[in-house]
Structures are given as C-alpha cells and as structure tokens.
Amino acid sequence: MEETDLVILWGSNAREAHPIFFHHVLKAIHRGARLYAVDPRKTTSAQWAVPGTGHLPLYVGTDIPLANAIAREILAAGLENRSFIENATSGFEEYRRSVEPWTLERAELITGVPAEQIRELAHAYARADRAVLCWTLGITEHHNAVDNVRALINLSLLTGHVGRYGSGVCPLRGQNNVQGGGDMGALPDRLPGFQHVENDALRAKFERVWGVAIPPKGGWHLSGMFEAMEHGEMTALYVIGENPANSEADQHRTVRLLSGLETLVVQDMLLTATAELADVVLPAAAGWCESEGTVTNSERRVQRVRQALPPPPGVRDDVEILCDLARRMGHDLGNPTAEELWNELRALSPAHAGMSWTRLEAEDGLQWPCYDESHPGELYLHGRLWARPVIGPRAPFKAVEHDPPVDELTDEFPIRLTTGRHLDSYNTGVQTGLFASPMRKGGTVDLHPEDGWRLGVAEGDRVRVTSRRGSVVAPVRFDSGLRPGLAFMTLHYPDQVATNELTIDAVDPGSGTSEFKATAVRIEPVENAQLAGKQETHGSALHRPRA
C-alpha cells in the first residue's frame, strides 16, 4: 500500500473506520501516490484525495452505474490490459457488451458525478503502473452487495490491477479478526479453511477427525436466522461476541424476535443490550489480552495472541466455556490448549498446514495459503493469474446491472439517510461507551446547512427523523461535506439515538447483509420541549461491566 501509485477508497471512510490502515495510505500519498475517494460524503478521508477532482460524490446506491461507466471509458480509450484479460479471465465479451450503454453522460445523470471526473478516474486507474482498489461497508451494506463487489472486481480484472506488488483489490475488514473468523469456519456453508460443507469428500475428512456426522447442507446466515425466528423455525440462539439487539437493521423487529425465543444464551465480555434479553449470560475473557490463540488480519496474516493477564474472578476463556458446556451435554472435548486446537486446524485445512506454532512465534506471523513448513506463505492471493498459462481456474468477469435502493424516496420520505462510523467510537458503543473521549460528537443527525435552512433549524436543535419503520429524535449537526438531501447518522450511541429503529432490513440474497446505507426518511423540527426528550424506541438499558 505504501508503495503503490494510486489508491481508490470506494465506499470507505478509512480515516475514521480503519485509522491504522489509513496511516499506510498517508505514507503512500506523502511519497506521491494519488488518492480518489468514491463516497456520497466528503469525509475526512476524501479530504486527502486529489484536489478538486479526487472526490466523486455519487448518489447513494449508484455504485454499479459508476463502475460500469468507468469500465466503458477504459474500453473506449483502449486502456484495458488485453494480454491479462486473454490469459487469465473469462466472460469478457459478455461484460464488454453489458457496460456499453453506460456512457459518461448517462452515468452523470444517474450517479450525480460529473462526466469529466468519471473520465479522469478511469484514465488514472487504467494508466497507473500500480493501483489498489479498496472498499468496505459503503459497498457491502446494500441489498445488492454482492453485485456491487463484482462491479469493482470487474475493474481490477479489466486493468490487471490484481495479484501484483502494490496492485490489487483490498476489502477492508470492519473488526479485528473478522478474516480469522471466516477462516475458522464461522460461515453458514464453510468448514475451516473455506472448505464447502456440501462437498462430500471435504466433509468426510472433518467427520473422521471430529467423530460426528456433519449436516450436509449450508445453514442460515444472520439475516436468514431472523427470518427463521419470524417463522418459528428457530427457537433457540447462542450469541458469542455479537450485539444484534443494537446492530441489526429494523431494531423494532430485531428486539421482538430475540425476545420471543424460547432460549437465548449470550457469551460476551460485557453485558450488552442483547445479553439483557438473554436467559443465560456467560461472562467471557477478553480475547486480546486474557486468552491464548491467533488472529488473522486483512492481508491474511496469522499472528499469535498471548495472554497478558488472567481474567477476573468468575470470567472464563471462550474455549473453556464451550468445552465445559459440551461435557454437560454428554460430549467430552477434553481441555485443549490453543496450540492443540491450532494443530487440529493445520491437519484439516491445507491453507494453514505449514503454519506451525513454532513458526508463528518465530516469524511474527505468516500469510495463508502456507502449504508446508518450507513454504513462506503467499504474499498475493491471486498471483497465480500472472502465470502463463494461468494456474487454476480463470477469473470471471460478471455483468451486473443497476438496482436502486429498496427504500424509495417519495414526497413523504424525501431525504436519503446513510449511516457510518466516527473515529472515536466502535460499533454499538458497548466498549467505547464506557470511557470519555474529547473527540466524541455523540448521537446526531448530520445535515447540509442548506437543508437546515429549509427546515428552519439551527445546529443543536432537536428534530424528529422518521422512516417507514420507526422514529427517533436527535440534535442537528451541520456538515458541508454532505450534499443537500443527504443525511448521516451513526449507530454508536443506541441509548441516545437508536438509529437502527430507522434502517431497513432489505437483505442481499448472497451475503445476507441489510441495506444500512440507504434509508428514506423525513425530518421535522420538534417544537415541544417535552416531546423532544422522548423517543419512540425500544432503547436498551445502560451498558454495564461484566456480569
């Protein structure tokens, strides 16, 4: 990242949501790299973009038209990497036909981004020797999240910006060890090492080691679980380190479904709003300092985590809790150490086979895939695409079409609300809400000053924000980085402003992600002081330290 020539942050305010990563971006900028930021807001990240033209302020939910127009311009200018396309990809001709209608002029009309800025980004990206395309929740928290991601992958394949030093795609992970969770099989259709549960041979390998029959069919993702609760198919839930009562879209529905379960068990280090609804709460150790194990970061680097201090009295390590629970259910898993568990993983996941505990200690982490103990770990996941002939399957182009946000703007709900993060706070505020920060803004609804003037409100005035699902009251904060008609809120402060009372649970069928980024709302001044102090919300009780 530090030695690339061009960085695109697409739907990513990395300066606030991924601040450590953004330090590496800044190092690239300081040595001459150009930054382009594709974001409805002029965020603190976009302020570092190419002056004047580096911020592309698209309308929420128009990422695919913009990506398709960039592709068409690259093709029209003859800037595609033809040799890479012919050697390493498939589906190019169908893709080329699909983007042909997306002229710069049509894209400007749909996205709100000036045609000249689209052209500039297309040429800069295609002509760069090395370029990195990054995205995060601004791309994935939509009802068509998978298609959004495919649209960006298409651009990387078109230009050959993949699998090379300083040149690739980089989906930024939202929390520490999200990558590691997926690697270990915390997905509804995958076993550890991303091995598909519906593959008979792969499943049999795990069955032999684990001594149990594994269901041969993929399970529910998070949104699918709530659908199953709605229909009575799921009556018990075990939640480890998650706070869906505050983090899921359409909070009214979420709390109703969690409250209606026959059994809810929560295992966490803090008494979250979800834990307060639970029948059983199991206080768990802090994984970053009270446990032994590993984490995996966004570049697939597995690193050791070492216990720095013991958990407080009455608090136990996650593995200890799970093994004790298994014994009470009639299955003795023993008392495995972190190293023993890791060695079992190595025996089952080819991608991790070469990562011995000793190597992880000595080499300060290794990147998967790492096939044997002489393997250094792969620096590039997709480096194989540059072999001639290509090693393994070709990378497919995928034609994708524009599909606007589900929550339509109307005269009754004329303002588009999008959500995101602040630098000083984390997710639903369970942890960061326990300490003060001089940077903390608190729960607000951010508006362009022109919208404030139109509504007749000043900064700090309280307004009612209403969607088709709920209503909250929040103070106004003006942000000239927004365009008129666009509002911004965050979910960090659910006890102040329950933003997810407003959001829609329109779900992407591929990823199971709700459309947090595109809600239709109306905003009205609150005249009555007594009314201003109330919210139509199921706000949770105060977050408290460990149970």
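Predicted model: local features only at pLDDT ≥ 70, side-chain atom pairs only at ≥ 80, totals over all residues.

Me: OK, so is Arg 304 buried or exposed?
Reply: Arg 304 is buried, because its relative accessible area is 12%, and the cut-off is under 20%.

Me: Which side chain does Arg 304 meet in a salt bridge?
Reply: That of Glu 361. The N to O distance is 3.0 Å. Glu 361 is in helix H18, residues 357-362, and Arg 304 is in strand S13, residues 301-305.

Me: How many salt bridges does a search of the whole structure find?
Reply: The search finds 32. One of them pairs Arg 130 with Asp 5, with the closest N and O atoms 3.9 Å apart. Those two residues are 125 residues apart. Arg 130 is in the loop between helix H7 (115-127) and strand S5 (131-135). Asp 5 is in the segment before strand S1 (6-10). Asp 5 is partly exposed, with a relative accessible area of 25%.

Me: What about the cysteines, say Cys 323 and Cys 370? Are they buried or exposed?
Reply: Cys 323 is buried, with a relative accessible area of 6%. Cys 370 is buried too, at 0%.

Me: Let's switch to helices. At what angle do helix H3 and H7 pack?
Reply: About 65 degrees, with their axes 9 Å apart. H3 covers residues 63-76. The crossing of H3 past H7 is right-handed.

Me: Which residues meet there?
Reply: From H3, they are Leu 66, Ala 69, Ile 70, Glu 73 and Ile 74. From H7, they are Ile 118, Arg 119, Leu 121, Ala 122, His 123 and Ala 126. Sorted by kind, the contact has eight nonpolar residues, one polar and two charged.

Me: Which residues of helix H14 are buried?
Reply: Gln 251, Arg 253, Thr 254, Val 255, Leu 257 and Leu 258. H14 runs over residues 251-259.

Me: What do those buried residues of H14 pack against?
Reply: Several elements. The helices are H12 (222-230), H13 (244-247) and H15 (273-276). The strands are S9 (236-240) and S10 (263-268).

Me: Where do the two prolines lie?
Reply: Pro 369 lies in the loop between strand S14 (366-367) and strand S15 (395-396). Pro 389 lies in the loop between S14 and S15 as well.

Me: What about phi? What is the value for Asp 250?
Reply: Positive, about 55 degrees, although Asp 250 is not a glycine. Asp 250 sits in the loop between H13 and H14. Asp 250 counts as buried, at 11% relative accessibility.

Me: And Asp 364? Buried or exposed?
Reply: Exposed, at 58% relative accessibility. Phi of Asp 364 is positive too, near 55 degrees. Asp 364 lies in the loop between H18 and S14.

Me: Last one. What does Ser 98 touch, leaving out residues up to four places away in sequence?
Reply: Ala 399 and Glu 401. Ser 98 is in helix H5, residues 92-99. Ser 98 counts as buried, at 11% relative accessibility.

Key: Residues numbered from 1 in each chain as written. Heavy atoms only, no water. Salt bridge = Lys/Arg side-chain N within 4 Å of Asp/Glu carboxyl O. Helix = DSSP H or I, 4+ residues; strand = E, 2+ residues; numbered from the N terminus. Buried < 20%, exposed > 50% of the residue type's maximum accessible area, 1.4 Å probe, protein only. Axes fitted to C-alpha atoms, helices over the stretch in contact; angles between N-to-C directions. Left-handed = near helix turned anticlockwise from the far one by under 90°. Contact = heavy atoms within 4.5 Å. Nonpolar A, V, L, I, M, F, W, Y, C, P; charged D, E, K, R; others polar.
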